[in-house]
Protein chains: 2
Amino acid sequence: MIYLNDIKLSKIMKKVLINLTVNKDSVNHVVNSLVETSLRGVDSHGINLFPHYCRAISSGRINKNPNINISDTGVSTSSIDADHSFGHHVGAVAIDKAIKLSEKTGISAVNVKNSTHFGAASYFGLRAAEKNCLGFAFTNADSMLKTFGSTEAFFGTNPICFTAPLKNEAPLCLDMATSLVSWNKLENKKRKNLDIPDTWAFDDEGKSITNPNKAISLNPIGEYKGYGLAMMVDILCGLLAGSLSSKDILPMYTSSIKEKRYISHFFMVIDIKHFIEVNVFKKQLQDIVDRLRGLPTIEQDNSVMVPGDPEKKCYDIRIKEGIPIDEIKYEEFLATSSMFKEVIE
Amino acid sequence: MIYLNDIKLSKIMKKVLINLTVNKDSVNHVVNSLVETSLRGVDSHGINLFPHYCRAISSGRINKNPNINISDTGVSTSSIDADHSFGHHVGAVAIDKAIKLSEKTGISAVNVKNSTHFGAASYFGLRAAEKNCLGFAFTNADSMLKTFGSTEAFFGTNPICFTAPLKNEAPLCLDMATSLVSWNKLENKKRKNLDIPDTWAFDDEGKSITNPNKAISLNPIGEYKGYGLAMMVDILCGLLAGSLSSKDILPMYTSSIKEKRYISHFFMVIDIKHFIEVNVFKKQLQDIVDRLRGLPTIEQDNSVMVPGDPEKKCYDIRIKEGIPIDEIKYEEFLATSSMFKEVIE
C-alpha cells in the first residue's frame, strides 16, 4: 500500500481537473467529496474513482461545464436538471437549496435528474447536519440487487443516507446501500481468489453462491425488505423526476463511457428548530449515543458503535497517516498526471 | 380456526367501544384500522389486538376522550400532542394534516407525542397514497432489536412505511419492521414448541439461537443497517418530539396496563404534483410494477411480487371467506362482549 497526503492530493486532483477545463464548482465538490470520503474509510466511493471520472470527463459522459437548472416547484420543493454535471456538484447544490427551503418551512425536498454518479451520499447528508438539520440523501443506480422471488436484478443498491447533529462531536451519519454488501467487496474477494459467504450474492438461477465469479446479483438486506427499500429509493429518485428507473440505467464501468447515465437523486431536509430547540435535540441525541456506546459488548475489546463511528475512527487515523491506495490504482493516478508523484506521504 | 364476517365484526367492535364511552372518532379509526389490517392478512396488527385495547381503555392507559392538540410549527410542519389517545386516531389526524400541508407546499412533516400503539403503519400511509401523495409513516416502540455489537436491545422494531399510488390498482405499500421477523412470529413458534431459524433472534449473551424460549432480542435486517434504520426512526419519532426513546418505552404487554407508554410517531407526505403530473407518475409506477411482476421467477408456480401484493391477495380472499382467528382469541372477544357470538361466518 502507498499512503497519500490528503492536502497535497487535493491540490493536485484540483489542478488535473482544471487542466481538463472542468468548472471550478465541480472541481471543488468532486475533490472535497472524494478526499473526505477516503479519509472516512469508504474506499469504494473515494479517491479510487478519480481516474474513472477523468476518463468520463474526456469522453463526455460527465459535462464539465453544465448548466444546472433549478426550478422552484413549491414553497418547500425544487426540481433540478443537472445537465449531466458531476453528481457531487449538483448534489451539493441540491442539498444546500433544501437546507435553505427547510429553514423557512420546516421540511423540504429537492430532486435531481440527468445526473451522474454522486459518490458518497454522506457528503450531502453531512452538509445538512452541520446546519442543524436532519438530512436525507438518496440516489438510484444501475440494476444490481436481486429482485425478491426472481432470478434477476431490477433495482440498484440504491442507498439511504440519514444524518443528525450531535452535541459533542461530528454528526451521526447512516449511509447504507440496500444490499447486504457492496459489489466492490465481492470484487475484492474475486481478485484474491477467495470464496464469499453464501449470504452475499446469487447466480443467474437466483441461487445463493460462494464462488464470486458466478455472481450476477446482490442480496438485499432482509430479503423483501431491502428490495422494497430499494424500490422506495427508485420512486423518490427516478420516478418522481420522470426519468429512468434503475433497470434502465447504464452500468458505470461496463457500458460505453461516452453514454450518459441519467441518474436521479432525491434529498430531504428537516429543520430541527421547527420541532424542538436545537441544543436540546443535540444534547438528547448525544445522551442516546453515549448510552449506546456504554452497552455491554459481545467481544470485550470492542465498544458498541453508532452509525458513522467506524468512519470517524478511520478519519482520525488517515488524517495523520495518509490515505492508502494500492500500487495498481496509484499507477492509474500517474497515468492521469505525473504530478501525482508528489503526493506520497 | 373461526372465520369472522368483517362487516358484522366492525359493527360490534364499534358498539363495544361506544359502550366503553370511547369517543366516536377513536372508535371509527381503531375499528377501521384493525379490520382493514386483518383483511390484509397482517394478523399481528389487526383485530387480535382488540381485547388488549379494551383492557387498556378500562385501565386508563389509552385515553378514551383525549384532547388532541395540533400546533402549527411551520408552513410545512405541525406537532401534535396525542393526550394518550388511540394511536390509530391521532395517526389519522396527523397524516390528514400532513396531506393538507403538502398540497400547499409540496412536502410536509407532522410529529406526534404522548401516543399509544398505532396498529399497522399502512393505515396511515394508504390515506396519503389515496390522495395522490407519497406517504411515510414511522413509530417508535419498546426496546427489542439487538444493538449491533452489544448483547442488549435498545431500539424497538421501529417500522418504516412507504406508500405510492398506482394507475390500475390499490397503492403500492411497503410496511416493514426493521427486524428480520416480528416477535409475534417467534411467539407462534414458541407456542407450537418449534425451533426458529438461527437468523431470527439472540439470547442474553448476544448469541444467535434456535430455541425461541431463550430469545431476548431480534435480529435487525442487514445487521448494523437495520440497527441504523431503527435509530433513524427513533430520532424522527421520540427525539424530535422531545419524548422517550425506544429503550425507555414500557413494553406493551408485560408492563402494568395502567401505565402510559409515551409512544411517538412521525409522518411525512410528498404531494406528487409538485414534481410530476400525477397521471404520468401513476402510469410510470404501474409500468415498473408490471415489469417486476413479469420477471422470471425462481419457483415456477409463483410470480414476482411488489410491496403490498401479499396483502392485496389476502384481502381478496378474506373479504369473501372472513377473517380467521383461533378459538382462544375468539374466547377473548366473547369475554369483552357476548355480542361477538353473531360475527361467525
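What is the relative accessibility of E169(A), and what does it count as?

Modeller: Keep in mind as we go that this is a predicted model. E169(A) has a relative accessibility of 26%, so it counts as partly exposed. The cut-offs here are under 20% for buried and over 50% for exposed, with partly exposed in between.

Now look at what that side chain meets. E169(A) forms a salt bridge with K312(A), with 3.0 Å from N to O. E169(A) sits in the loop between β6 (160-164) and β7 (172-176) of chain A, while K312(A) is in helix α9 (residues 309-321) of chain A, so this pair ties together parts that lie 143 residues apart in sequence.

A network of salt bridges links E169(A) and K312(A) with D290(A), R293(A) and D309(A). For some background, a search of the whole structure turns up 32 salt bridges over all chains.

Here's another of those bridges, again within chain A. The side chains of E332(A) and R55(A) meet at 3.3 Å, N to O. This one links distant parts of the chain, 277 residues apart: E332(A) belongs to helix α10 (residues 327-336) of chain A and R55(A) to helix α3 (residues 50-59) of chain A. E332(A) counts as partly exposed at 26% relative accessibility, and R55(A) is partly exposed too, with a relative accessible area of 43%.

Next, let's follow a bridge from one chain to the other. R291(B) and D248(A) join their side chains in a salt bridge of 3.0 Å, N to O. The pair crosses between chains: R291(B) is in helix α8 (residues 278-293) of chain B, and D248(A) is in the loop between α7 (224-239) and β10 (263-271) of chain A. R291(B) is partly exposed at 35% relative accessible area, and D248(A) counts as partly exposed at 36%. Across the interface of chain B and chain A, the rule finds 2 salt bridges.

What else is in that interface? There are 19 residue pairs in polar contact between chain B and chain A. On the side of chain B that touches chain A, helix α7 (residues 224-239) of chain B gives the most, with 9 residues. By type, the residues on that side of chain B divide into 42 nonpolar, 23 polar and 8 charged.

As for its extent, 73 residues from chain B and 73 residues from chain A take part in the contact. The two chains bury about 6,000 Å² between them, and carbon and sulfur atoms give 76% of that area. Three residues, K225(B), L240(B) and F275(B), supply 12% of the area that chain B buries against chain A, more than any other three.

How do the copies relate? Chain B superposes on chain A by a rotation of 180° with 0.0 Å of shift along the axis, at an RMSD of 0.0 Å. That is the relation of a two-fold axis. Both copies use the same surface, with 100% of the contact residues of chain B recurring in chain A.

To finish, here are two places within chain B. H89(B) is in helix α4 (residues 87-105) of chain B, and it is buried, with a relative accessible area of 7%. Its side chain makes a polar contact of 2.6 Å with the side chain of S26(B). Setting aside residues up to four places away in sequence, H89(B) touches N23(B), D25(B), S26(B), H29(B) and I68(B).

I70(B) is in strand β2 (residues 69-74) of chain B, and it counts as partly exposed at 38% relative accessibility. Beyond its neighbours within four places in sequence, I70(B) is in contact with S78(B), S79(B), I80(B), V93(B) and K97(B).

Methods: Residues numbered from 1 in each chain as written. Chains lettered and ligands numbered in written order. Predicted model: local features only at pLDDT ≥ 70, side-chain atom pairs only at ≥ 80, totals over all residues. Heavy atoms only, no water. Contact = heavy atoms within 4.5 Å. Buried area = accessible area lost by both parts, 1.4 Å probe. Salt bridge = Lys/Arg side-chain N within 4 Å of Asp/Glu carboxyl O. Polar contact = N/O pair within 3.5 Å; in protein donor to acceptor, adjacent residues only side chain to side chain. Helix = DSSP H or I, 4+ residues; strand = E, 2+ residues; numbered from the N terminus. Nonpolar A, V, L, I, M, F, W, Y, C, P; charged D, E, K, R; others polar. Least-squares fit on C-alpha atoms with pLDDT ≥ 70 in both. Buried < 20%, exposed > 50% of the residue type's maximum accessible area, 1.4 Å probe, protein only.
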